[in-house]
Amino acid sequence: MLKKNTLLILTLLLTTCQLMASERTILVLGDSLSAGYGIDPDAGWVNLLRQRLAPRQAPWRVINSSISGDTSAGGLARLPALLRQYRPGLVIIELGSNDGLRGLSFVQLRKNLAEMIQAVEQAGGKVVLVGGRLPPNYGSAYANAFHQLFDDLAKTHAVPLVPFLLEGVAQERTLMQSDGYHPNGEAQSRLLENVWPVLEPALAGIAAKPGPGS
């Protein structure tokens with residue numbers, strides 16, 4: 001009986017540790033802006049986030065599941081398996097720019113992002129949504145509608161919003177690659193600073209949650 005009780009206690013402790021570890025996992029679901037297109041991936045903003053969080057007493061694990069060229073439909077298709085595999089406490093959704101650049105349906109984009117938010121929340125995680133902007137050559141009406149879509153989604157689903165990942169970067173040629181769409185290595189710290197004021201309170205809220213048995 002003693003051995004059985006000991007085994008049960010060890011099993012419960014292991015399960016608790018696994019749950020706590022998964023809660024302290026950040027999943028970044030993004031496109032080329034988060035995948036580090038055209039630069040050393042180690043220099044990308046997601047890895048800089050990993051480095052910033054590493055010294056903490058209870059460090060966060062950061063999983064970068066970003067794919068260059070990915071759309072909201074691609075992210076939605078990949079998300080269920082990622083949630084099962086990593087059970088993240090928080091998911092940063094940075095998708096939609098390729099939908100806008102390719103002229104894909106805003107109705108479908110909104111639906112895809114909403115379903116991703118709902119899937120994360122149903123799995124017990126929190127979401128930080130990253131908004132986007134389109135180049136001015138797409139026309140002001142189209143570009144404004146695209147940007148507004150993210151703000152509307154964040155309000156509807158009550159999730160934190162990073163208004164624009166490339167704020168203070170897209171307008172600076174010295175911080176962009178020659179294609180004019182992707183930030184260079186020097187810009188990555190600015191991308192992190194655009195995310196951090198929204199991400200930090202979300203992480204604090206998760207860390208403050210009562211643990212199992214509290």
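Guide: Helices (H or I, at least four residues) and strands (E, at least two) are DSSP runs, numbered from the N terminus. This is a predicted model, in which local features need pLDDT of at least 70 and side-chain atom pairs count only at pLDDT 80 or more, while totals for chains, interfaces and linings use all residues. Residues are numbered from 1 along each chain as its sequence is written, and side-chain values use heavy atoms, with hydrogens and water left out.

Visitor: In what order do the five strands of the open sheet lie?

Guide: Two strands pair if DSSP finds at least two bridges between them. Here the five strands form an open sheet in the order E2-E1-E3-E4-E5, with parallel pairing, and its edge strands, each pairing on one side only, are E2 (61-64) and E5 (161-162). Between E1 (residues 25-30) and E2 there are four bridges, and Val28 has Asn64 as its bridge partner in E2.

Visitor: How should I read the crossing of H4 and H6, and which residues meet there?

Guide: Axes are lines fitted to C-alpha atoms, for helices over the stretch in contact (heavy atoms within 4.5 Å), and angles run from 0 to 180 degrees between N-to-C directions. Angles under 35 degrees count as roughly parallel, over 145 as roughly antiparallel, 65 to 115 as roughly perpendicular and the rest as oblique. The axes of H4 (residues 72-86) and H6 (residues 106-122) come within 9 Å and cross at roughly 10°, which means that H4 is roughly parallel to H6. Residues of H4 including Ser72, Leu76 and Leu83 meet residues of H6, among them Leu109, Glu115 and Val120.

Visitor: What is the volume of the largest pocket, and which helix gives the most to its lining?

Guide: On a 1 Å grid over the protein atoms alone, a cavity is a set of points where a 1.4 Å probe fits but cannot get out, and a pocket is an open set with protein on both sides within 12 Å along at least five of seven lines; lining residues have an atom within 4 Å of a point. Grid points are joined across faces, edges and corners, and a volume is the space filled by probe spheres set on the points. The largest pocket holds about 570 Å³ of space, and of its 26 lining residues the closest to the centre are Arg133, Leu134, Pro135, Leu166 and Tyr181. H2 (32-35), H5 (97-101) and H7 (140-157) each supply at least two lining residues, with H7 giving the most, four.
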